[in-house]
Amino acid sequence: MSAKQKCLVCNETADSLHFGALSCRACAAFFRRNIASKKQFRNSCERKCSIDMPHLRKLCQVCRFEKCLAVGMKETSVLSRVSYSKALTSTEEKYTFLNKLIQFYDKIENSRDEVFQRKKEYSEKFKL
Ligand SMILES: [Zn+2]
Ligand SMILES: [Zn+2]
């Protein structure tokens, strides 16, 4: 009943569906990386490499990628995530704005300190 689900690519323990296929995080990350970077593989293999063991999956990127596609991983579901990471870039811009606010706040803090300092000098001068 509670048999562990296996990555369809490399037989590692799978954590969930990734891009439409049951796989482990490593294979999901591998697939996403290669889609995102539009990597071109050197076609140096016969596409018959055995990568169905976790320790074998790193041996051939071509076959691993082909297998990702074969087990049902979808390029399109990666691309929708890529646009999501573009959305994160604009969050970074917001973050820059936030940094400016923080700097501005620092200035306010500094000038407040100055005021306190002057107040202190003033009270010392007039022995208040
Ligand atoms: Zn895997
Ligand atoms: Zn291969």
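Biologist: Which residues of helix H2 (residues 61-70) are buried?

Modeller: They are Cys63, Arg64, Phe65, Lys67 and Cys68. A residue is called buried if 20 or more other C-beta atoms, placed from the backbone, lie within 10 Å of its own, exposed if 12 or fewer, and partly exposed in between. Keep in mind that this is a predicted model, where local features need pLDDT of at least 70, side-chain atom pairs count only at pLDDT 80 or more, and totals for chains, interfaces and linings use all residues. Residues are numbered from 1 along each chain as its sequence is written, while chains are lettered from A and ligands numbered from 1 in the order in which they are written.

Biologist: What covers the buried residues of H2?

Modeller: The cover includes helix H1 (25-36). After H2 comes Gly72, with a positive phi near 115°.

Biologist: What makes Phe19 buried?

Modeller: Phe19 has 22 other C-beta atoms within 10 Å. Burial asks for 20 or more, so Phe19 is buried. Its place is in the loop between S1 and strand S2 (21-23), and its phi is near 55°, a positive value in a residue other than glycine.

Biologist: Why is Ser80 called exposed?

Modeller: Ser80 has 10 other C-beta atoms within 10 Å. The cut-off for exposed is 12 or fewer, so Ser80 is exposed. You will find Ser80 in helix H3 (residues 75-125). Ser80 and Phe19 are 61 residues apart along the chain, and 10.0 Å separates their C-alpha atoms.

Biologist: How many helices and strands does the protein chain have, and how do you know what to call a helix or a strand?

Modeller: There are three helices and two strands. Both are DSSP runs numbered from the N terminus: helices are H or I with at least four residues, strands are E with at least two. Along the sequence, the pattern reads β-β-α-α-α.

Biologist: What share of the protein chain counts as buried, and what share of its contacts links residues 24 or more positions apart?

Modeller: Of its 128 residues, 20% count as buried. Two residues are in contact if their C-beta atoms, placed from the backbone, lie within 7 Å. Among contacts with a separation of 6 or more, 47% come from residues 24 or more positions apart.
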